[in-house]
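Have the structure open beside you as you read.

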Amino acid sequence: MWTILKFDNKKIDFLKKDFKEKLGNDYIIYSPKILVKKYQKNVVINKEISLLGDYLFCFHKNFRNPNIINQLKFTRGLKYFLT
């Protein structure tokens with residue numbers, strides 16, 4: 001089941017690490033991004049911008065169970081699950 005969660009941009013590595021420990025490797029994180037090229041003082045600057053800001057989609061087969069979501073509510077880097 002897919003769920004939407006809000007995360008802290010500075011702690012995304014902690015979030016992925018804790019999800020790997022608690023859920024295993026069979027979760028999928030989807031965060032669409034766009035590549036923007038700017039010219040600034042005759043130099044090309046490539047910047048990657050997230051389309052959803054500090055939200056991302058996450059899929060795991062056990063997200064249908066509310067107990068799993070309640071256990072994951074307090075992981076580092078996660079602000080909240082979108083209901």
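In this predicted model, the largest nonpolar core is made of 15 residues, and L5 and F19 have the most contacts inside it. Five elements each supply at least two residues of this core: the strands β1 (2-7), β5 (55-59) and β6 (78-82), together with the helices α1 (12-23) and α2 (66-72). Helix α1 is the one that gives the most, with four residues.

If you pick out L5 on your screen, which residues does L5 touch? Leaving aside residues up to four places away in sequence, L5 is in contact with L15, F19, D54, Y55, L56, C58, L78, Y80, F81 and L82. F19, then, is among the partners of L5, and these two are the residues with the most contacts inside the core.

Now for the outside. A nonpolar patch on the surface is formed by I34, I49, L51 and L52, whose accessible area together is about 320 Å². One of these, L51, sits in the loop that links β4 (43-50) to β5.

Is L51 buried or exposed? Its relative accessible area is 54%, and the cut-off for exposed is over 50%, so L51 counts as exposed.

| Residue | Relative accessible area | Class |
|---|---|---|
| L51 | 54% | exposed |

Finally, N70 and F81 are 11 residues apart in sequence, and their C-alpha atoms are 9.5 Å apart in space.

Key
Residues are numbered from 1 along each chain as its sequence is written. This is a predicted model: local features need pLDDT of at least 70, side-chain atom pairs count only at pLDDT 80 or more; totals for chains, interfaces and linings use all residues. Side-chain values use heavy atoms; hydrogens and water are left out. A nonpolar core is a set of buried Ala, Val, Leu, Ile, Met, Phe, Trp, Tyr and Cys residues joined through side-chain atoms within 4.5 Å. Buried means under 20% relative accessible area, exposed over 50%, partly exposed in between (1.4 Å probe, protein chains only). Contact means heavy atoms within 4.5 Å. Patches are made of residues with over 30% relative accessible area and no salt bridge: like charges are joined within 9 Å, nonpolar side chains (Val, Leu, Ile, Met, Phe, Trp, Tyr) within 5 Å. Accessible areas come from the Shrake-Rupley method with a 1.4 Å probe; for residues, only the protein chains shown count as cover. A salt bridge is a side-chain nitrogen of Lys or Arg within 4 Å of a carboxyl oxygen of Asp or Glu.
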